[in-house]
Amino acid sequence: LSICFRTVEPLEYYRRFLKENCRPDGRELGEFRATTVNIGNTGSITTADGSALVKLGNTTVICGVKAELAAPAADSANKGYIVPNVELPSLCSERFRSGPPGEEAQAASQFIADVIENSQMIAKEDLCIANGKLAWVLYCDIICLDYDGNLLDASVFALLTALKNVQLPSVIINEETGLSEVNLKQKTPLTIKKHPVATSFAVFDDTLLIVDPTAEEEDLATGTVTIVTDEEGRLCSVHKPGGSPLTGAKLQDCITRAITRHKEVKKLTDKVIKSIMPK
């Protein structure tokens with residue numbers, strides 16, 4: 001009976017659980033799904049300069065960072081570039097089609113670009129090798145392998161851990177030839193200045209907040225909101241694509257929870273990075 005009811009009246013089915021302060025998957029309203037992360041050579045992309053695989057429940061996202069050399073832009077001669085791209089291939093869910101990036105993938109790419117910019121996680125000046133001549137471009141490809149809601153939290157986490165794992169070779173410009181010389185034996189990690197973490201909520205019936213929504217919960221929700229904070233509890237961005245309005249008190253509640261979530265994610269990142277450090 002419950003399977004029929006869930007299919008015919010999914011929202012009513014959900015409301016019955018929410019009345020009891022729980023969700024169909026057994027989680028409490030404020031409970032996140034199990035979160036795991038693998039970085040570097042532990043099951044990610046060997047061809048990338050840094051990579052990470054993040055699982056948030058069934059949602060699985062991989063991020064690969066590829067560093068290339070380029071000339072800086074004329075108006076920012078002392079800066080490099082960070083170019084994020086989120087892909088939602090048809091293999092990750094039947095809701096996506098093959099072909100050029102759809103609306104959701106474009107919105108996610110823009111969101112990631114805003115997080116990089118607003119959080120100041122990397123100083124673009126640090127990516128400059130020779131003023132006006134040479135700089136690093138970091139291509140950050142975030143690919144969803146399995147989509148079950150809350151793409152943004154998983155994507156930000158995968159991006160951060162992949163960047164923490166990047167080692168850039170030393171590059172000098174030969175004065176005589178004017179050509180760049182890359183030394184792959186000498187590598188230095190990227191300087192990550194801030195550690196942004198995203199925490200997403202779905203709003204039910206305009207009033208009830210649940211964290212880390214699944215794809216089904218996102219579909220039934222009257223709105224979603226994503227809060228990005230850094231390790232100092234500073235608000236980097238609030239992403240709210242339409243939907244039901246939130247009161248100031250509700251928004252403050254989201255920010256408080258996001259700060260707590262940041263601590264959990266940081267603990268997880270530190271643990272994983274420690275485990276791959278050369279002994």
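This is a predicted model: local features need pLDDT of at least 70, side-chain atom pairs count only at pLDDT 80 or more; totals for chains, interfaces and linings use all residues.

1. A term first: helices here are DSSP runs of H or I with at least four residues, strands are DSSP runs of E with at least two, and both are numbered from the N terminus. With that in hand, the lining of the largest cavity draws at least two residues from each of β2 (50-56), α4, β9 and α6 (248-276).

2. The cavity count comes to 2 at a volume of 30 Å³ or more. The largest cavity has a volume of about 50 Å³, and the second largest cavity has about 40 Å³.

3. The residues that line the largest cavity are T35, V54, L56, D153, A154, F157, V197, A198, R261 and V265. Helix α4 makes the largest contribution to this lining, with 3 residues. By class, the lining of the largest cavity has 7 nonpolar residues, 1 polar residue and 2 charged residues.

4. The second largest cavity is lined by L160, K164, H195, V197, H262, K266, T269 and D270. Both α4 and α6 supply at least two residues of its lining, and α6 gives the most, with 4 residues. By class, the lining of the second largest cavity has 2 nonpolar, 3 polar and 3 charged residues.

5. Next, an open space. The second largest pocket holds about 360 Å³. It is lined by 17 residues, of which E104, Y147, L152, E218 and T224 are the closest to its centre. The elements that give two or more residues to this lining are α3, α4 (151-164), β9 (197-204), α5 (215-220) and β11 (223-229). Helix α3 has the largest share, 3 residues. By class, the lining of the second largest pocket has 8 nonpolar, 5 polar and 4 charged residues.

6. Which residues of helix α2 (residues 10-19) are buried? They are Y13, Y14 and L18. These residues lie on the same side of α2 because they cover an arc of only 135 degrees around the axis. R16 and K19, on the other side of α2, are exposed. Just after α2, N21 has a positive phi of about 60 degrees.

7. Is S93 buried or exposed? S93 has a relative accessible area of 13%, and because the cut-off for buried is under 20%, S93 counts as buried. S93 sits in the loop that runs between β4 (81-87) and α3 (103-119). A polar atom of the S93 side chain lies 3.1 Å from the backbone nitrogen of R95.

8. On the record: an unreviewed UniProt entry carries the annotation "domain: Exoribonuclease phosphorolytic", which covers residues 41-169 and 196-259. Over residues 196-259, the chain is 28% helix and 38% strand. The end C-alpha atoms of residues 196-259 are 10 Å apart.

How values were computed
Residues are numbered from 1 along each chain as its sequence is written. Side-chain values use heavy atoms; hydrogens and water are left out. UniProt positions are given in the numbering used here, feature names are shortened, and annotations may be inferred rather than shown by experiment. Buried means under 20% relative accessible area, exposed over 50%, partly exposed in between (1.4 Å probe, protein chains only). A polar contact is a pair of N or O atoms within 3.5 Å; within protein, one must be able to donate a hydrogen and the other to accept it, and residues adjacent in sequence count only if both atoms are side-chain atoms. The arc is that of the directions from the helix axis to the C-beta atoms. On a 1 Å grid over the protein atoms alone, a cavity is a set of points where a 1.4 Å probe fits but cannot get out, and a pocket is an open set with protein on both sides within 12 Å along at least five of seven lines; lining residues have an atom within 4 Å of a point. Grid points are joined across faces, edges and corners, and a volume is the space filled by probe spheres set on the points. Ala, Val, Leu, Ile, Met, Phe, Trp, Tyr, Cys and Pro count as nonpolar, Asp, Glu, Lys and Arg as charged, and the others, Gly among them, as polar.
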